[in-house]
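Hi,

Here is the structure I promised to pass on. Have a look, and my notes follow below.

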Amino acid sequence: MQTLPTPSTTINPISGSLTDTTIHRRKTRPVKVGNVTIGGGYPVVVQSMINEDTLDVDGSVAAIRRLHEIGCEIVRVTVPSMAHAKALAEIKQKLHQTYKFVPLVADVHHNGMKIALEVAKHVDKVRINPGLYVFEKPKTDRTEYSQAEFDEIGNKIRETLEPLVISLRDQGKAMRIGVNHGSLAERMLFTYGDTPEGMVESALEFIRICESLDFQNLVISLKASRVPVMLAAYRLMAQKMDALGMDYPLHLGVTEAGDGEYGRIKSTAGIGTLLAEGIGDTIRVSLTEAPEKEIPVCYSILQALGLRKTMVEYVACPSCGRTLFNLEEVLHKVREATKHLTGLDIAVMGCIVNGPGEMADADYGYVGKQPGYISLYRGRDEIKRVPEAQGVEELINLIKSDGRWVEP
């Protein structure tokens, strides 16, 4: 099977500079999903997906609300049947009655035209998987696809996709063309192999059908469970779209990342790498855990890259023999006292050797200068020196005196 080499990149391939510390995002068209905009220079959007059966209206409403309340901006629900599609109408109505408007995405898979047409009436975006939208029955004895067979299935896809495209176009709604590495259509596998190129060509086939129908409210994803495959697919997609004059926003994710620390690291390795290269407009961290656990990881990735600031940024040294207090314990106390704030950088440094220099960009500093005492800084300026036992309290007072404190 064909294997594509991973493209070589600089630290910031879009700006072309090895010393540029700014992330220059790839220019994409804005795509509205309810009251949220993906792409077009808007902040990277955070998404997740509920676990509840969509037929459970009350449970689904509660799950959507839980996610939205902690910062999930777009929520996806699965729609495996017509009954589930109709249940979405009730879910949307109940959300409006008991909570507020939340942008909703419906996930449609196998032979999904009728389901997708129904659900398009009730949600803001429909996600389809090109490998599953039109079922191709595999032939165990197949050795190749003739051009006639390839074109026949392509015509069937167009025939099946067209009504959905027209419905979404006329309603001003959006579609995600969501390719998964693990579910490429058989003819794509025979033609391109199990490769990033096959993923990209699968997406382009659907994009061209949409464009021929004057529909461009599209978001594209090319997810894989292996990070190198995911990286190659998105990089190739961005390259191909640029060459073809396409500017569709990209939805990033490492699918089936697992759980725990490794699931978070794996997602960060894939999503963070592409975002650092300027690729990506919306993200989902897919964990085998409660969906609410995904949102903090999304925001941590975005905050670490400087793409969104949604919490306090803590700068802390790793501790060494020079440290004049229990750094881990003090950092925990400072974090617990200030973690509800947003937009601040707070440094906790164990000694004077690295402290003032390493924390120069922080808004506030908490530094061990002499045994039993803490020096508090505003930016580069030392403001006061206080007994260690009063350090956290006096830090809060300093933030309050600057008018930057809010009660938890």
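Let's start with Asn129, which is buried, with a relative accessible area of 2% (buried means under 20% with a 1.4 Å probe, protein chains only). Asn129 sits in the loop between strand 6 (125–128) and helix 4 (130–133); helices are DSSP runs of H or I with at least four residues, strands runs of E with at least two, numbered from the N terminus. Beyond residues up to four places away in sequence, Asn129 touches Val108, His109, Gly178, Val179, Asn180 and Ser183 (contact is heavy atoms within 4.5 Å). A polar atom of the Asn129 side chain also lies 2.9 Å from the backbone nitrogen of Gly131.

Before you read on: this is a predicted model, where local features need pLDDT of at least 70 and side-chain atom pairs 80 or more, while totals for chains, interfaces and linings use all residues. Residues are numbered from 1 along each chain as its sequence is written, and side-chain values use heavy atoms, without hydrogens and water.

Now the core. The largest nonpolar core has 85 residues (buried Ala, Val, Leu, Ile, Met, Phe, Trp, Tyr and Cys joined through side-chain atoms within 4.5 Å). Its largest share, ten residues, comes from helix 8 (residues 227–244). Among the residues with the most contacts inside this core are Val126, Leu164 and Met175. Leaving aside neighbours within four places in sequence, Leu164 is in contact with Ala116, Leu117, Ala120, Val126, Ile128, Tyr133 and Met175. A second, separate core of 29 residues includes Leu327, Leu344, Val367 and Ile399.

Cheers

Conventions
Buried < 20%, exposed > 50% of the residue type's maximum accessible area, 1.4 Å probe, protein only. Polar contact = N/O pair within 3.5 Å; in protein donor to acceptor, adjacent residues only side chain to side chain.
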